[in-house]
Amino acid sequence: MSTQRIVILGGGPAGYEAALVAAELGADVTIVTDEGLGGNSVLWDCVPSKALIVAAEAMGWMHLAEGMGVHLPEGKPVDRTVVDFPKVADNVLQLGANQSRDIESKIAATGVTLVRGRGRISGYHEVTATDEHGDEHVLPADYVLVATGSTARVLPFFEPDGERVLVGQQVYGLPEVPEHLVVVGSGATGAEFAHAFRRFGAEVTLVSSRDLILPTEDPDAAQVIEDVFERRGMKILRNARAVSCERRDDEVVVGLKDGSEVVGSHVLFTVGQVPSSADIGLEKVGALVNDWGGVEVDTVGRTECRWVYAAGDVTGRVMLASVAAMQGRTAMWHALGQAVQPIRWGAVASTIFTDPEVATVGLSSDDAAAAGIPVETARLDFRGNPRAKMTNAVDGFVKVHAQVGSGTVLGGVVVSMRASDLIQPLATAVQNRLTVAQLAQTITVYPSMAGSVAECARMLMARLDAPR
């Protein structure tokens, strides 16, 4: 049997993880990408933005230190003027660049060919790559994986300039912490940046088009984050929709639908991502693209053209690096004849890296009710957890949903410091259909935040066992 030839368009999590799988299975693999491996996720988004949040946490600890008996030198206040933002930004971007180089070394060790440039499907089982020098290379392909990611959504009424009107990846070029940052969009990205810059000492106004920020999250979790944000001095404008943006000298003015205006020194628009599916030849082979720009795929990542697969943000599904990576692996396993389990979308864990973090997995109680599944829910706040008290991290809770009768864990929410780690036992339970009894009877470290996950499961186990 001849060696299978795989061409991957894009080197983000979907692309490079797919390449690793295909190479391990003996395929001849080529990645075509016009940026460093890891893509937007590693270079500009997930890695740098979370590193920025870690730097912001350092400011948080400086504020907390005095109350914990660790005294700071008298004199200069802990505000935005103590932050060397260019150094912060350089550090986080270098972290992303280093991670990209590590990925590239790993890819090179497997024998994968890397073409720097842009690729498009140019014919039957064929990709044409235009390299960084303008030269074209025709690459025969038994299978093509489209993993071209997404770009920041830009609305007609604003034009990012990288100075005062910004989208996410442009914040790293700021010469200093903004005096007053207006953040338009209160989803995960907007909340994360708003949190970070408030921690850095900027005045922050968060413009939310809904009556509660984080509209796709558990309402109790969103309420906790709102309360924390406002306690820290952030201004939240609810049910406010931005309709215009104008620069006036050293200010920006954001017009709202109700006729009012918000004036700040800078504005950051975080209004979603758009799949990067245009101009890559999908129409040549009959692969379908929906109205939003997402490439239509089946449960294993195949398009309507059976030798073309797609994975990651370009499919317009759940835009998470972890999901993109698994989509890429799944596509290659399937293309190369391996047994594969389609992704269980109801078992995907996600985190919003505010402080506290918000992590979720599985079904919500409303999801379960809509599906006709009887569910019981328990919630345990962290204010009684000794580890939470030590770190002044008492805002938040654990919430677990289980099916009445079987006790199977259907979903959960964790709002806390390091919720991204604490969600893992709940994610494992959901993925493997464990019961609350199995979760509750697992010994946890004391003192630990994880102890509250097991304790919440014990509460739920008692409710499920109680006479009805």
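Me: Why is Arg118 called exposed?

Reply: Arg118 has a relative accessibility of 54%. Exposed means over 50% relative accessible area, buried under 20%, and partly exposed in between (1.4 Å probe, protein chains only); Arg118 is therefore classed as exposed. This is a predicted model, in which local features need pLDDT of at least 70, side-chain atom pairs count only at pLDDT 80 or more, and totals for chains, interfaces and linings use all residues. Residues are numbered from 1 along each chain as its sequence is written, and side-chain values use heavy atoms, with hydrogens and water left out.

Me: How do you know that Asp34 forms a salt bridge with Arg118?

Reply: The closest N and O atoms of Asp34 and Arg118 are 2.8 Å apart. A salt bridge requires a side-chain nitrogen of Lys or Arg within 4 Å of a carboxyl oxygen of Asp or Glu, and the pair therefore qualifies. Asp34 sits in the loop between strand E2 (28-33) and helix H2 (39-43), whereas Arg118 belongs to strand E3 (residues 113-123), 84 residues apart; helices (H or I, at least four residues) and strands (E, at least two) are DSSP runs numbered from the N terminus. Asp34, with a relative accessibility of 48%, counts as partly exposed.

Me: How many salt bridges does this rule give?

Reply: The count comes to 23 salt bridges.

Me: What makes the span of H3 agree with expectation?

Reply: The expected span of a helix is 1.5 Å times one less than its number of residues. The 20 residues of H3 should therefore span 28 Å, and its end C-alpha atoms are 28 Å apart. Buried residues of H3 include Pro48, Leu52, Ile53, Glu57 and Met59. The buried residues of H3 pack against H2, helix H4 (85-109) and H5.

Me: Why is Gln327 called buried?

Reply: Gln327 has a relative accessibility of 8% and therefore counts as buried. Gln327 lies in helix H7. Not counting residues up to four places away in sequence, Gln327 touches Ala311, Gly312, Thr315, Arg317, Ile343 and Trp345, where contact means heavy atoms within 4.5 Å. Helix H7 (residues 321-335) has 15 residues and reaches 21 Å from its first C-alpha to its last, close to the 21 Å expected. The buried residues of H7 pack against strand E1 (5-9), helix H1 (13-24), strand E6 (143-146) and strand E17 (308-310). Just after H7, Gly337 has a positive phi of about 85°.

Me: What makes a space count as a cavity, and how many of 30 Å³ or more are there?

Reply: On a 1 Å grid over the protein atoms alone, a cavity is a set of points where a 1.4 Å probe fits but cannot get out, while a pocket is an open set with protein on both sides within 12 Å along at least five of seven lines; lining residues have an atom within 4 Å of a point. The count comes to one cavity of 30 Å³ or more. The largest cavity holds about 40 Å³ and is lined by His195, Arg198, Arg199, Phe229, Arg232 and Met234. Helix H5 (residues 188-199) gives the largest share of this lining, three residues.

Me: Which residues lie closest to the centre of the second largest pocket?

Reply: The second largest pocket has a volume of about 440 Å³. Of its 20 lining residues, the closest to the centre are Leu64, Arg199, Arg232, Asp355 and Asn392. H3 gives the most to this lining, with five residues.

Technical notes:
Grid points are joined across faces, edges and corners, and a volume is the space filled by probe spheres set on the points.
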